[in-house]
Amino acid sequence: MPHDHSHPHNKPLSDVELRVKALESVLTEKKLIDPEAIDLIVETYETKIGPRNGARVVAKAWTDPAYKARLLSDATAAISELGFSGVQGEDMVVVENTEAVHNIVVCTLCSCYPWPTLGLPPVWYKAAPYRAKVVKDPRGVLEEFGVSLPDETEIRIWDSNAELRYLVLPKRPDGTDDMSEAQLAEIVTRDAMIGTDVLAAH
Amino acid sequence: MPTLTPDIVPGLIATGASARLDEDVAAKFSVGDAVEMKNINPVTHTRLPRYVRGKKGVVERDHGVFAFPDTGAHGLGHKAQHVYSVKFSFRELWGEDHAENMYLYIDMFDDYMKPAL
């Protein structure tokens, strides 16, 4: 791993850090991995693949109706038009938030998440409290994120625990009619594409 | 097994490995079918969570043919079958005190489902 972080070196490693180091050593000794390959994977997801990719997909869908139609009918192909494809995005589904419907994505099994468009999942997405609560009390979860929806809004939870990966197409906020596609991409948040955020009017 | 080296990482990340299979397997269910998840309790790997076992839903979309993780995870083969998006109401899953306009969608394999009576 690159050594440019700032943890104090006199602290013992956590259990997770020790386990990761032990696994990496064993896999390296058995010649299943070259540690440099692991560094490259980490670097790729730290610097190249993240939620800005998904934001570009969303901004294009907001400004190009034909693209939006393709995105909702064959998400994998439409997303790959923008160059985003690969691990954990092989089979994508995009669900659209509207005035009447709000979608939220979860994986109750573990942490399934659309990597090419959103990068690696945030810690809370992988944590048991989110996974257990959002399928039962989504309005309570939204409240924790500071989001309140009218009672009339239909809520759809997508448990992505098989092989499909889900991306939410957030509702385009009011007051953004004059914004360009690039400007729109700037205002799309990661959480809005998971469904735990609603984008504020501008 | 070949060593994971830096030169194959970019291609690996960009391509991934879909669990979708190009096999001609008949679908056991159609969009609109009322289905019931089997009440089974495997002690091995499964993608059938407890909270939908024994619950009734409706097939919303047929995603096509995929490898079955319940067998694949244990080296027992792909057992290619259809995966469907199945819609459940919160009232069915969690009880009648839940709002009517709340739904849960989950992707279910043929082997998990039977026709709802």
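## A sheet built from both chains

An open sheet of seven strands, with mixed pairing, has the order 2(A)-3(A)-4(B)-3(B)-2(B)-1(B)-5(B), where strands (E, at least two residues) and helices (H or I, at least four) are DSSP runs numbered from the N terminus, and two strands pair if DSSP finds at least two bridges between them. Strand 2 (101–106) of chain A and strand 5 (113–115) of chain B stand at the edges, each with a single partner strand, so one side of each is left without a neighbour in the sheet. On average, neighbouring strands of this sheet are turned by 35° against each other, direction ignored; the axes are lines fitted to C-alpha atoms, for helices over the stretch in contact, and angles run from 0 to 180 degrees between N-to-C directions.

This is a predicted model, in which local features need pLDDT of at least 70 and side-chain atom pairs count only at pLDDT 80 or more, while totals for chains, interfaces and linings use all residues. Residues are numbered from 1 along each chain as its sequence is written, and chains are lettered from A and ligands numbered from 1 in the order in which they are written.

## Strand pairing in chain B

Strand 3 (residues 81–89) of chain B is joined by seven bridges to strand 2 (residues 56–66) of chain B, the two running antiparallel, and B:Val58 stands opposite B:Lys87 of strand 3. Seven bridges also join strand 3 of chain B to strand 4 (residues 102–109) of chain B, again in the antiparallel sense, with B:Leu104 in strand 4 as the bridge partner of B:Phe88. Strand 3 of chain B is mostly covered, seven of its nine residues being buried; a residue is buried if 20 or more other C-beta atoms lie within 10 Å of its own, exposed if 12 or fewer, and partly exposed in between, with C-beta atoms placed from the backbone.

Strand 1 (residues 34–37) of chain B pairs with strand 2 of chain B over three bridges, in the antiparallel sense, and B:Glu36 has B:Lys56 in strand 2 as its bridge partner.

Leaving aside residues up to four places away in sequence, A:Val58 touches A:Leu169, A:Pro170, A:Val188 and A:Met193, a contact being two residues whose C-beta atoms, placed from the backbone, lie within 7 Å.

The contact between the chains takes 30 residues from chain A and 28 residues from chain B. On the side of chain B that touches chain A, helix 1 (9–15), strand 2 and strand 4 of chain B each supply at least two residues, and the largest share, six residues, comes from strand 4 of chain B.

## Chain A and its first helix

Chain A has eleven helices and four strands, and its C-alpha trace spans about 55 × 35 × 35 Å along its principal axes. Of its 202 residues, 36% are buried. The domain assignment gives domain 1 (15–47) and domain 2 (51–194), with bounds that come from an automatic or database domain assignment; the centres of these two domains, taken over C-alpha atoms, are separated by 30 Å.

Helix 1 (residues 15–29) of chain A is hardly covered, the count of buried residues among its 15 residues being zero. At 1.5 Å a residue this helix should span 21 Å, and its end C-alpha atoms are 21 Å apart, which agrees, the expected span being 1.5 Å times one less than the number of residues. Helix 1 of chain A is followed by A:Lys31, whose phi is positive, near 60°.
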